Amino acid sequence: MEHKRHSDRSTEIEDQYAGYEVYDHNGKKIGKVDDLFVDDNDRPEYIGVKTGFPGAGSPLIPMRAVRVDEKRRVIEIPLPKGRVGE
């Protein structure tokens, strides 16, 4: 995994999900996308989620496990809210 910040293309990809809200599979808000990690081919690989939970930091969620709703600017993860960051 490589966290890129050096090319315009990488920055564009990283900004693609900036501000998206993250919800669990029950529709409960978890937080917002805090960071995006891309692979060597500039494909999104993981998102960092700012949860606001004390001590949780920004848990990483694999992009292959999420559902993205670009119209609503929402990312849904397959875990319940209480399990994020475990």
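In the predicted model, the side chains of Glu 21 and Lys 29 are joined by a salt bridge, with an N to O distance of 3.1 Å. Glu 21 is partly exposed, at 23% relative accessibility. Lys 29 is also partly exposed, with a relative accessible area of 38%.

A salt bridge also links Arg 43 to Asp 39, again at 3.1 Å from N to O. Here the partners fall into separate accessibility classes. Arg 43 counts as partly exposed, at 48%. Asp 39 has a relative accessible area of 15%, and is therefore buried, since the cut-off for that class is under 20%.

Arg 72 pairs with Asp 69. The closest N and O atoms of this salt bridge lie 3.3 Å apart. Arg 72 has a relative accessible area of 54%. In total, four salt bridges were counted, among them the pairs Glu 21–Lys 29, Arg 43–Asp 39 and Arg 72–Asp 69.

The mean pLDDT is 80. A value of 70 or more is reached by 70% of the residues. Residues 1-6 have pLDDT below 50. Among the secondary-structure elements, helix H1 (residues 8-15) has the lowest confidence, at a mean of 63. Strand S6 (residues 74-76) has the highest, at 95.

Definitions and conventions: Residues numbered from 1 in each chain as written. Heavy atoms only, no water. Buried < 20%, exposed > 50% of the residue type's maximum accessible area, 1.4 Å probe, protein only. pLDDT = per-residue confidence, 0-100. Helix = DSSP H or I, 4+ residues; strand = E, 2+ residues; numbered from the N terminus. Contact = heavy atoms within 4.5 Å.
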